[in-house]
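Student: Hi! I have a new model open on my screen and would like to talk it through. Can you help me get my bearings?

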Amino acid sequence: MTTRGGLLARRLTLGDATAIGLGSMIGAGVFAAFTPAARAAGPLLLVGLVVAAFVAYCNATSSAQLAARYPTSGGTYVYGRERLGEWPGFVAGWSFVIGKTASCAAMALTVAAALVPAAWQKPVAVLALLSMAALNWFGITRTARLTRVIVVVVLVVLGVAVVAALAGQHRGWGAGGAGGSSAAGSVPGILQAAGFLFFAFAGYARVATLGEEVIDPRRTIPRAILLALAITVVVYGVVGVVLLVVVGADGIAHTATPLVDAVAAGRFAALAPIVRAGAALAALGALLALLAGVSRTTLAMARNRDLPGWLGPVHPVHRVPHHAEIAVAVAASVLVLTVDLRGAIGFSSFGVLLYYLVANASALTQGPRDRRYPRVLPIAGIAGCAVLVIALPPASIVGGVLVVAIGIGYRLVSGKRA
């Protein structure tokens, strides 16, 4: 691979990489993804969570195995090119860029929803995006340090929220009923919920896309990916159970802030503002890590001229892909102004599921010397990603297909032919 624009610096430890993965996953869904998932699956929300976690585990093992072999920026964009060819690599990279740019928009909207009334949410979301992009500009180690602090604070807030919600009231399991969707409780509803919740688990990709900045990447990246995913699955499982016990499936489906509502409805309602602030902080942490990951994949694609070369330079002082950071922040700001939170999550899931389908297919081609996990896992990952893509809302599928087609058209017109 060429290294146009300079190399990134290896500065991230195992703790840094794990914190970035946690910051992406915990903030990405614990305060946002349960609502659309509950609308789809109703009281069987936790079944959707288990399906999403299993698919995420398959994808994580494939990503870890590939990252140990190709420890450079770009993640599955690089793996697809190396194992399957230029076109699969391009589709993976473009799907990641569009999917995670939508994730950035979703996180910015989550920040705003937790802080201000509806009329102010879109401008505040844009401000959050631009602020986090500016912070990323000053270097990945600053991003990692701040993400560590955010993760610790958010985990403490989640602990307070869970205890306050359970101690404050007990309305009974699934008190609110199924609600939200005619498919709630059905197999299609469960699969659609899994597709929405997969959005929350996909943050471990941040670790792989930062491969060029991790110390001892062959050892560090696989450990960080699986450690971050394991912690996140436990956190989501606990929060999901508490929400169903206290609020019920219908209650989750009809609020943008179910955890805040669970606390506010009980004897410890005075703690609700703290939980609301924690939601905003979690989303900010996810946004910070997301912007770093998307810009690194954009950098890798620009190096190979799969995206405009203007996106390729690395800042001579801060050693970050500063042009890519600007482009991602601007694109996400446009999405913030044009979509709602549910639409952003669905579109993000479409792009990221395609990305991991390519990752699993790439891992499947690796020989015994590079294989760390059984072959059945990437096979299950391919099937799982394909099923969850099909189960997403039609609008998410149509929008995703159109944008992927635009990317393919650009590559053809620009003269990049495999």
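Tutor: Happy to! One term before we start: two residues are in contact when they have heavy atoms within 4.5 Å of each other. Also keep in mind that this is a predicted model.

Student: Good. How many helices and strands does the protein chain have?

Tutor: There are 17 helices and zero strands.

Student: And what share of the residues is buried?

Tutor: Buried residues make up 59% of the 418 in the chain.

Student: Which residues have the most contacts inside the largest nonpolar core?

Tutor: Those are F31, F34, L158, F198, V239 and L287, in a core of 130 residues.

Student: Let's take F31. What is F31 in contact with, leaving aside its neighbours within four places in sequence?

Tutor: The list is V154, L158, A256, P258, L259, V275, G278, A279 and A282. L158 is also one of the residues with the most contacts inside the core.

Student: What about contacts across the chain in general?

Tutor: Take the contacts with a separation of 6 or more: residues 24 or more positions apart account for 85% of them.

Student: Changing topic: at what angle do α3 and α16 pack?

Tutor: About 130°, with the axes 8 Å apart. Here α3 covers residues 45–69 and α16 covers residues 376–391. Angles from 65 to 115 degrees count as roughly perpendicular and those over 145 as roughly antiparallel, so this pair is oblique.

Student: Is the crossing left-handed or right-handed?

Tutor: The crossing of α3 and α16 is left-handed.

Student: And which residues meet there?

Tutor: From α3 you have V51, F54, V55, Y57, C58, N59, T61 and S62. They meet L377, P378, A380, G381, G384, C385 and L388 of α16. By type, the contact of α3 with α16 has 10 nonpolar residues, five polar and no charged.

Student: Nice. Now the loop between α13 and α14: where does N304 lie, and is N304 buried or exposed?

Tutor: N304 lies in that loop, between α13 (272–303) and α14 (322–338). N304 counts as buried because its relative accessibility is 11%, and the cut-off for buried is under 20%. The C-alpha atoms of N304 and F90 are separated by 9.9 Å, although the two residues are 214 residues apart along the chain.

Student: What about R305?

Tutor: R305 is in the loop between α13 and α14 too. At 43% relative accessibility, R305 counts as partly exposed. Its phi is near 65°, a positive value in a residue other than glycine.

Student: Why point that out?

Tutor: Because most residues other than glycine have a negative phi.

Notes. Residues are numbered from 1 along each chain as its sequence is written. This is a predicted model: local features need pLDDT of at least 70, side-chain atom pairs count only at pLDDT 80 or more; totals for chains, interfaces and linings use all residues. Side-chain values use heavy atoms; hydrogens and water are left out. Helices (H or I, at least four residues) and strands (E, at least two) are DSSP runs, numbered from the N terminus. Buried means under 20% relative accessible area, exposed over 50%, partly exposed in between (1.4 Å probe, protein chains only). A nonpolar core is a set of buried Ala, Val, Leu, Ile, Met, Phe, Trp, Tyr and Cys residues joined through side-chain atoms within 4.5 Å. Axes are lines fitted to C-alpha atoms, for helices over the stretch in contact, and angles run from 0 to 180 degrees between N-to-C directions. Angles under 35 degrees count as roughly parallel, over 145 as roughly antiparallel, 65 to 115 as roughly perpendicular and the rest as oblique. A crossing is left-handed if the near helix is turned anticlockwise from the far one by less than a right angle, and right-handed if clockwise. Ala, Val, Leu, Ile, Met, Phe, Trp, Tyr, Cys and Pro count as nonpolar, Asp, Glu, Lys and Arg as charged, and the others, Gly among them, as polar.
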